[in-house]
Amino acid sequence: MWRRSAATLKSSLFLHMEASKHNAWRCQGFTSGLPLHLQEKDGICPKHIAPVITFVLGGPGSGKGTQCAKIVETFGFKHLSAGDLLRREIVSNSEYGSMILSTIREGRIVPSEVTVKLILREMESSGNHKFLIDGFPRSEENRVAFEEIIGAEPDIVLFFDCPEEEMVKRVLSRNQGRIDDNIDTIKKRLKVFEALNLPVVDYYAKKGKLHRINAVGTVDQIFEHVRPVFEPCELEAE
């Protein structure tokens, strides 16, 4: 089922991206570039709006999920948390559940293909064209796999920059009963993040797509750093 879904979504996204050559994303302040005869005959169909992909990066406890909820509420994005999708798969008794569970417990990254398939399934069924992909890619291999399967790079990359001590404190205090919320696993995850995720951050910084967010402060204070990145989308969400 996933293979069929992946192929279907990739085809759909390709068509959207072809359309985007003529119809730039409104959130960036551009107007339609469709040929006049097409505008007159068919109008501008929402199905032809190019997908907008935002990667949301940051260590465990950096506040990604909380800020994603505010972005969804304010700007109308669909939030896809890679971690939540993986944890949901664990409890679903699927063929991948046991493998995902043992991988997370060891502080390692789940194989890219598995995570991308979960994300693709959610994107295809969402009915939205604006996506926040939270906690993925976490490595250069993740990044390459995502871009190859989707056939596109992200439009925006957010990086929530938070000191390690603050991230540890937040994760230990949230008390959500998650399998990966214990001190040993947190330390493993932070080491993995520093070794593998920061090269992804650097990659997108060099491409001019990275927005580094100061992730220390109250939820509202941090969101004031996030808001300007998405403010051009506010009218579309209304």
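At what angle do α4 and α5 pack, and how far apart are their axes? Select both helices: the angle is about 125° and the axes are 7 Å apart. Axes here are lines fitted to C-alpha atoms, for helices over the stretch in contact, and angles run from 0 to 180 degrees between N-to-C directions. α4 and α5 are therefore oblique to each other, the class left over once angles under 35 degrees (roughly parallel), over 145 (roughly antiparallel) and 65 to 115 (roughly perpendicular) are taken out.

This is a predicted model, in which local features need pLDDT of at least 70, side-chain atom pairs count only at pLDDT 80 or more, and totals for chains, interfaces and linings use all residues. Residues are numbered from 1 along each chain as its sequence is written, and side-chain values use heavy atoms, with hydrogens and water left out.

**Whole chain.** Colour by secondary structure to find eleven helices and five strands; these are DSSP runs, numbered from the N terminus (helices H or I, at least four residues; strands E, at least two). Of the 238 residues, 44% count as buried, meaning under 20% relative accessible area with a 1.4 Å probe, protein chains only.

**Largest core.** Next select Phe55, Ile119, Met123, Ile133 and Phe146, the residues with the most contacts inside the largest nonpolar core, which has 30 residues. A nonpolar core is a set of buried Ala, Val, Leu, Ile, Met, Phe, Trp, Tyr and Cys residues joined through side-chain atoms within 4.5 Å. Elements that each supply at least two residues of this core include β1 (52-58), α6 (112-126), β3 (130-134) and α7 (140-150). α6 gives the most, with six residues.

Centre on Phe55: beyond its neighbours within four places in sequence, its contacts (heavy atoms within 4.5 Å) include Ile133, Phe146, Leu158 and Tyr204.

**Helix α7.** Show the side chains of its buried residues: Asn142, Arg143, Ala145, Phe146, Glu147 and Ile150. Gly151 follows α7 and has a positive phi, near 80°.

**α8 against α9.** Finish with α8 (residues 164-174) and α9, whose axes come within 11 Å and cross at roughly 140°. Which residues of α8 and α9 make the contact? Select Glu164, Met167, Val168, Val171, Leu172 and Arg174 of α8, then Ile183, Ile186, Arg189 and Leu190 of α9. By class, this contact has seven nonpolar, no polar and three charged residues, where Ala, Val, Leu, Ile, Met, Phe, Trp, Tyr, Cys and Pro count as nonpolar, Asp, Glu, Lys and Arg as charged, and the others, Gly among them, as polar.

Methods: Buried < 20%, exposed > 50% of the residue type's maximum accessible area, 1.4 Å probe, protein only.
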